Amino acid sequence: MSREGKRFLLGFLLLASAVAALPVWIRNPYYLNVLNVVGLHVLIVVGLNLLIGFAGHISLGHAGFFGVGAYLSGILTGTYGWCPWLTMGFAACLTASLALGIGIPTLRLKGNYLVMATLGFNIIVTVFLLQLDNLTGGPSGYTGIPPLTVFGRSLISDFEFYWLIWGTALVSLVLARNLCHSRVGRGLRALHESPDAAAAAGVPVERYKVKVFILSAVYASVAGSLYAHYYGIITPKTFDIFKSVELVTMCILGGMGTLWGGLFGAVFLTPLPQLLHFFDEYKDIIFGGILLVILIFLPQGLVGWLENRLHALFQNNRR
Amino acid sequence: MEIGWNQLAQYIVSGLTTGSVYALVALGFCLIYNATRIVNFAQGDFLSLGGLLMYSTVTSFGLPAWLGFPLSVAGTALVGACLERLCIRPSRSREVTNLIFITIAASILLRGLFMHVWGKEALALPPLSPETPLRVLGAAFTPQNLWVLGITLSAIGILVFFFNRTLMGKALRATAANARAAALMGIDTRMMTMLSFALAGALGALAGILITPITSLSYDVGVLMGLKGFAAAVLGGYGNFYGAVLGGVGLGLLESLGAGLISTVYKDVIAFVALLLVLFLRPSGLLGGGSQERL
């Protein structure tokens, strides 16, 4: 196994044991709830980071995909009585085709058109969620989403969802890591270095970009479905462009294009608004300020910065 | 449903009014894009700030509008210049993606500050002159409509003069065309970048002062207006000066006619559907050149 592989395995095992150990201490449903939201964010951000880091494109519409997943799951199971697990798959497929529709025309172009297209997409999703109120419940949200069932047992408690959400997040992390080291991942990394050289070496540049975009949208959709069944109520505000910005912020904070960076960003940023809840008035000022400082002074993100520091430290010791 | 001429004329008047404001916002996007290649997501907050400062100077401090107006524009221009000097210039990474996110972070911060200073509630900004509608060709013009159209036209006129006839304007264009070559010719390109941000701030403030008496004024009014100005800029061909004006007016008309003739409910969707269509069909925009590498 390569050094990188060992490091990933080590990191993954550490994370997995932390995930397994945390509920031993944390029994308070409120904290479990925060952890669950962190897990859902990790799921989305891992996908988003693949897109940003490997395809070099930013999406400001992932909250839209998150919302499409959540509302499809909610409405189809709640109003039409579909099977939740099948609906989750169906929602993922539909989201994938939406991503395909947005990705094919925009990723073909040079320059970051995807940002604008996804931004427009997200706003359209929000308007429809607000306006189709006999279907979506409008601004006050859609309620009455049935819980997920496993072998006839309904998952209701925060504790049960904790395993489901973090299990999914861990699997998604492994999948993403494997993708990075597959043919597609190598092609994308070559692409990041030099698109022309990659194309010359026979990497089907556009197709790979579209694939990664679709994958990241599917991650967001699955997270949305889980969210819908977990909360039982969904409102359009959860899926607006500010949410998209927040998700991308998590990627940036941790470090764009590193798998662990996204994870770290989600773990750090998700509880922040809860912590800052006490001084709600200053929330945006603090949030914006922290982001600004990191972006200006640590553009490689916190994880990237730490990695460089550690690297420098080891280099010095060796000498 | 019978659509009378009067109604249609009314839609066109309101479309031209909001369209002018979109054009002002779009011009702000263009200025900064041309100087730095970044999309300034804080452009909408310039709009909010213009309106909010106007509210403070005129309503809170009781200054006359002719004094409050230039003060608000200058104040917002100063904030624009500070954004460049304090956030964009010191950035360790010159990567465009990173710089774009700096503007997003600045936008969050600014919005937080606005909310803290001016509160969450909607404020009422009085129009520039008393409201007695005039009837022209069957459409009712409020004086504010005329102010919007007149001031936008003069702002565009001044910009055209500035870019074509003054040394500073030419230096700005040279910087946009090729910053390195401009620097070699002795142009202070960093100064020019800061100037672009200040000008974008001033244009945003104009838009805010003009439109908020018609719509409403609150700390986050600029978010949606900013995004629509952005859509207008893309529509016209991102970075293209005349494209921005055309895109803005086109979008305003499209929205107003769409809302009037089809559905008011989906009014906000129209701009973004137009944006997606343009990206899919003609990504360089209506007046964009052959180059497809933008943003």
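Which residues have the most contacts inside the largest nonpolar core? They are B:Ala231 and B:Leu275, in a core of 189 residues. A nonpolar core here is a set of buried Ala, Val, Leu, Ile, Met, Phe, Trp, Tyr and Cys residues joined through C-beta atoms within 7 Å. Buried means that 20 or more other C-beta atoms, placed from the backbone, lie within 10 Å of the residue's own. Helix H10 of chain A, residues 205-231, gives the most to this core, with 16 residues.

A word on the source. This is a predicted model, where local features need pLDDT of at least 70 and side-chain atom pairs count only at pLDDT 80 or more, while totals for chains, interfaces and linings use all residues. Residues are numbered from 1 along each chain as its sequence is written, with chains lettered from A in the order in which they are written. Helices are DSSP runs of H or I, at least four residues, numbered from the N terminus.

Back to B:Leu275. Leaving out residues up to four places away in sequence, B:Leu275 touches B:Ala231, B:Val234 and B:Leu235, and also A:Met116 and A:Gly120. Contact means C-beta atoms, placed from the backbone, within 7 Å.

Now the contact between the chains. Chain B puts in 36 residues and chain A 31 residues. On the chain B side, helices H4 (96-118), H9 (222-236) and H11 (267-281) each supply at least two residues. The largest share of that side, 14 residues, comes from H4(B).

Last, helix H14 of chain A, residues 283-297. Its buried residues include A:Phe287, A:Leu291 and A:Leu295.

Conventions
A residue is buried if 20 or more other C-beta atoms lie within 10 Å of its own, exposed if 12 or fewer, and partly exposed in between; C-beta atoms are placed from the backbone. Two residues are in contact if their C-beta atoms, placed from the backbone, lie within 7 Å.
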